[in-house]
Amino acid sequence: MSGVHTQSGRVSLAITESRAIRLGLIGIAVLFLGLFTVLPLVVVFVGALRAGVRIYLSSLRNPDALSALRLSITVALIVVPLNLLFGVAAAWAVAKFEFRGKRILTTIIDIPLAISPVIGGMAFMLLFGAQGWFGSWLRERDISIAFAVPGIVIVTIFVTLPFIARQLIPLMREQGNEEEETAVILGASGWQTFVRVTLPNIRWALLYGLILCNARAIGEFGAVSVISGHIRGVTNTLPLHVEELYNEYNSAAAFAVASLLSLLAVLTLVLQKFVGLHQSGERRSRKAGPEGSES
Amino acid sequence: MKNWKKHDIYFAILLSLTLGTAPRLCAQKPVAFLNVSYDPTRELYREINAAFAAYWERKTGAIVTISQSHGGSGKQARAVLDGLEADVVTLALAYDINEIAWRGKLLAVDWQARLPYGSAPYTSTIVLLVRKGNPKRIRDWDDLVRPGITVITANPKTSGGARWNYLAAWGYALSRWGSESAAQDFVRRLYRNVPVLDVGARAATTTFVERGIGDVLITWENEALLAVKELGPAKVEILTPSVSILAEPPVAVVDKVAKKHGTDAVARAYLEFLYTDRGQEIAARNFYRPRSEQLQNKYTRQFPKISLFTVDNVFGGWTKAQAKHFADGGIFDKIYQPGR
Amino acid sequence: MATALRVNMAVGANRSRAKDTPRRVLPGYGLTLGFTVLYLGFFVLIPLSTIFVKAAGLGWQGFWTTVTAERVVAAYRLSFLSAFYAALANTMFGFLVAWVLVRYSFPARRVADAIIDLPFALPTAVAGIAFTALYAENGWLGSRLIPFGVRVAYTQLGIVAVLTFVGLPFVVRTVQPVLENLESEIEEVASSLGAGRWAAFTRVLLPSIWPALLTGFTLAFARAIGEYGSVLFIAGNMPMRTEIAPLLVMAKLDQFDFEGAAAISAGMLIVSFALLLAVNALEGIGRRQEP
């Protein structure tokens with residue numbers, strides 16, 4: 001039984017505020033949101049287009065900017081599937097089985113969310129830098145991780161690994177094991193069970209987590225900044241490139257590239273909203289249960 | 001394999017893409033090398049690299065791609081020590097390259113003798129940049145310690161330029177008051193007027209120019225001239241102090257890395273290019289004082305005569321200066337009390 | 001639940017059997033758990049342990065001296081305080097936003113609901129330059145505030161502003177579902193018993209919401225402590241005044257003072273872990289409160 005929903009717009013007068021208060025509260029809320037979310041976006045686009053459309057386009061077509069774009073996309077293409085694999089595996093393990101230390105496991109998964117990205121980047125620097133634990137081992141084999149693309153990939157994996165898992169774990173826990181167990185009893189293999197039974201139930205949460213993971217993978221700055229080496233055209237991701245341009249008195253170009261990232265952010269929000277609509281519809285029907293009873 | 005579904009195939013493709021792209025991204029392209037440089041030289045090397053690429057192609061037919069990395073000189077040196085694979089380093093002071101040679105054993109210890117002028121193809125000096133109209137009426141170094149004056153300079157721990165700044169101030173005080181203790185007192189009072197230490201010379205310029213913090217910026221001459229050019233003489237003006245330090249930013253091939261990459265020859269040619277007429281002209285155009293006398297005459301208006309002292313004369317060389325002032329527990333650590 | 005019972009009995013897997021011999025119906029336990037543990041070990045546990053090992057290299061004395069140095073303490077204080085203020089602002093306004101979104105209808109409500117997630121989707125560097133441009137002396141907002149003597153950019157105020165942005169979704173998204181699931185009957189009963197709106201709010205609603213509020217606050221707080229990318233541009237990096245802890249760590253890294261950086265990070269990590277545990281506990285309380 002849901003609370004007072006605004007979709008219907010109908011609310012019992014006894015349990016709501018006076019119109020004046022309502023309007024006042026809405027006003028404050030909208031002002032707050034506008035100040036903190038809309039205005040910064042507007043500033044980015046205004047700054048980007050201030051020098052004219054031609055400079056805007058040439059900033060985006062600049063070879064270093066394109067390399068940064070390529071690098072960011074490459075990193076996302078590697079990081080997101082890997083974290084997807086992890087998210088699914090972790091959610092399956094946590095939701096379908098009982099074992100000790102489950103709490104600890106989920107807490108560890110949350111760690112990248114709670115710590116500063118700079119610390120994350122530094123940890124990998126301590127591992128893979130020339131003075132690091134694996135430093136000489138890597139040097140001997142001529143493998144570059146720090147100051148090179150693999151380092152950026154690894155660090156981005158660290159920063160974004162909770163996202164998909166955190167979407168799936170509570171959902172799969174909520175959904176319980178009955179359907180999967182039934183499938184197994186009826187003779188399905190583990191893989192078939194996952195694909196035919198679990199996947200359809202979690203696909204929207206999966207998609208939601210994927211979109212979020214992707215946005216964060218492209219946008220990560222602090223951790224990548226530590227390990228990147230800032231080599232223009234080689235190890236600068238888009239956010240790092242924005243910083244580089246900003247440091248070169250080139251604010252028009254910096255905002256131009258930033259506007260690209262902002263467009264991506266807005267697209268992310270739109271996709272999330274779209275997926276979210278499907279998600280809530282699905283959760284409600286799932287909650288109703290096969291026999292119409294609440295679980 | 002026969003039970004593979006679509007998703008298995010996708011996964012296999014993704015996996016092989018991953019494994020395929022990763023080595024490709026780390027591998028070197030043929031005739032490409034990395035120039036790890038200090039903070040203000042972005043514009044300079046953009047021009048140099050284009051000119052050198054044209055020159056090299058004319059000479060050998062090969063296409064060369066030069067990547068750049070910029071940052072505070074000290075920070076860059078330590079990055080190279082930590083594994084940043086520079087074929088060539090073009091840093092702000094000899095000490096930083098010496099660190100790479102001694103600690104990292106990445107190039108020969110006598111690297112400085114390999115190229116003319118102690119491997120410094122151009123020089124610069126330290127000047128002051130103030131707001132247009134000089135509202136705080138700053139004339140020379142001693143105005144920087146006036147109460148209420150905000151001074152912007154970079155962090156000597158990470159920036160090469162910042163160390164030149166510090167030594168220039170110290171040298172001025174020595175020439176003015178004669179004693180080491182007076183100099184230390186002067187520099188202490190100067191740094192008390194410094195609210196923030198950026199990581200590199202360019203970052204400090206950004207703080208002064210873009211963020212609008214500070215009344216005066218102590219920086220490289222080339223950086224100050226560039227600021228005037230970029231922002232217009234309507235915003236900032238250069239103040240040439242009565243005396244300053246001769247800054248000689250050196251360049252070197254990182255032997256071990258260049259040998260490994262096979263870029264030895266092209267890297268050496270690249271550095272030698274900096275001494276050619278073309279290279280010197282580009283340097284002068286980008287506000288670096290060329291070694292070539294002919295060009296010095298041509299650009300005499302841009303580079304006013306300043307009374308200059310050197311690190312060797314006043315401080316006994318960089319090794320001594322670094323140990324005394326900038327090492328952990330050195331004089332800078334003692335005098336810089338942030339926020340006090 | 002009835003289905004589960006039937007299935008269990010059919011399989012003969014008696015759940016009340018001794019714990020040390022669990023019969024697992026579903027396959028994949030070893031595979032998924034093993035992969036998960038390996039992944040976490042490689043990407044989380046081992047890297048983080050390097051920090052503690054490096055910090056430990058200083059010895060207790062050295063660690064303590066580093067961490068209690070004036071500049072470090074100032075950075076910690078600034079980080080925690082700024083994060084606290086930002087989280088507080090987010091709790092107040094976030095609650096308001098959640099309330100307004102759930103209970104009222106107004107034009108562009110959908111847009112408002114969607115845009116709350118912007119801080120998750122927008123790269124921190126972009127937020128950094130945007131806020132700096134907004135609040136600099138010559139920025140849209142900065143220039144309007146200067147006459148009042150209010151400086152935002154390069155002061156603590158700017159840091160708090162940007163941290164508020166970064167933590168904005170946390171409170172809203174934690175409180176929203178709880179508000180949505182509130183039963184209106186309770187409020188109706190309170191109202192019919194003569195409670196005024198404010199009394200109903202404080203006595204009836206708040207008690208059910210406070211775990212979510214606190215969880216949101218803690219999440220926003222934890223996030224804000226570690227924020228780097230956006231603060232980098234708007235803070236002045238003035239040691240003792242506008243240098244937050246992550247910036248100090250970065251400065252130490254720039255000087256390749258790994259031990260110092262590790263020591264400061266270790267201090268922050270301990271706090272982060274404590275916050276994580278707090279959030280876990282709070283979420284547990286929240287779950288128990290659910291109808």
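This report walks through a predicted model, chain by chain and contact by contact.

## Ground rules

Residues count from 1 along each chain as its sequence is written, while chains are lettered from A and ligands numbered from 1 in the order in which they are written. Since this is a predicted model, local features need pLDDT of at least 70 and side-chain atom pairs count only at pLDDT 80 or more, but totals for chains, interfaces and linings use all residues.

## Chain A: helices only

Chain A has 12 helices and 0 strands. Here helices (H or I, at least four residues) and strands (E, at least two) are DSSP runs, numbered from the N terminus. Of the 295 residues in chain A, 53% are buried, where "buried" takes 20 or more other C-beta atoms within 10 Å of a residue's own, with C-beta atoms placed from the backbone.

Let's zoom in on helix α5 of chain A, residues 117-128. From first C-alpha to last, its 12 residues reach 17 Å, close to the expected 16 Å; that expected span is 1.5 Å times one less than the number of residues. Because 12 of its 12 residues are buried, α5(A) is largely enclosed by the rest of the structure. Among them are A:Gly120, A:Gly121 and A:Phe124.

## Where the chains touch

Chains A and C meet through 84 residues of chain A and 84 residues of chain C. Two residues are in contact if their C-beta atoms, placed from the backbone, lie within 7 Å. On the chain A side, helix α1 (residues 19-49) gives the most, with 16 residues. That side of chain A has 56 nonpolar, 18 polar and 10 charged residues. For these classes, Ala, Val, Leu, Ile, Met, Phe, Trp, Tyr, Cys and Pro count as nonpolar, Asp, Glu, Lys and Arg as charged, and the others, Gly among them, as polar.

Chain C also touches chain B: 13 residues of chain C are in contact with 14 residues of chain B. The chain C side of this meeting has 6 nonpolar, 3 polar and 4 charged residues.

## A sheet in chain B

In chain B, 4 strands make an open, mixed sheet in the order β2-β1-β3-β10. Strands pair if DSSP finds at least two bridges between them. The edges are β2 (65-70) and β10 (251-253) of chain B, each pairing on one side only. From one strand to the next, the twist averages 20 degrees.

Strand β1 (residues 32-37) of chain B runs parallel to β2(B), with 6 bridges. One bridge links B:Leu34 to B:Ser67 in β2(B). Helix α11 (residues 264-273) of chain B packs on the sheet, touching β1, β3 (88-90) and β10 of chain B. The direction of α11(B) makes about 165 degrees with that of β10(B); axes are lines fitted to C-alpha atoms, for helices over the stretch in contact, and angles run from 0 to 180 degrees between N-to-C directions.
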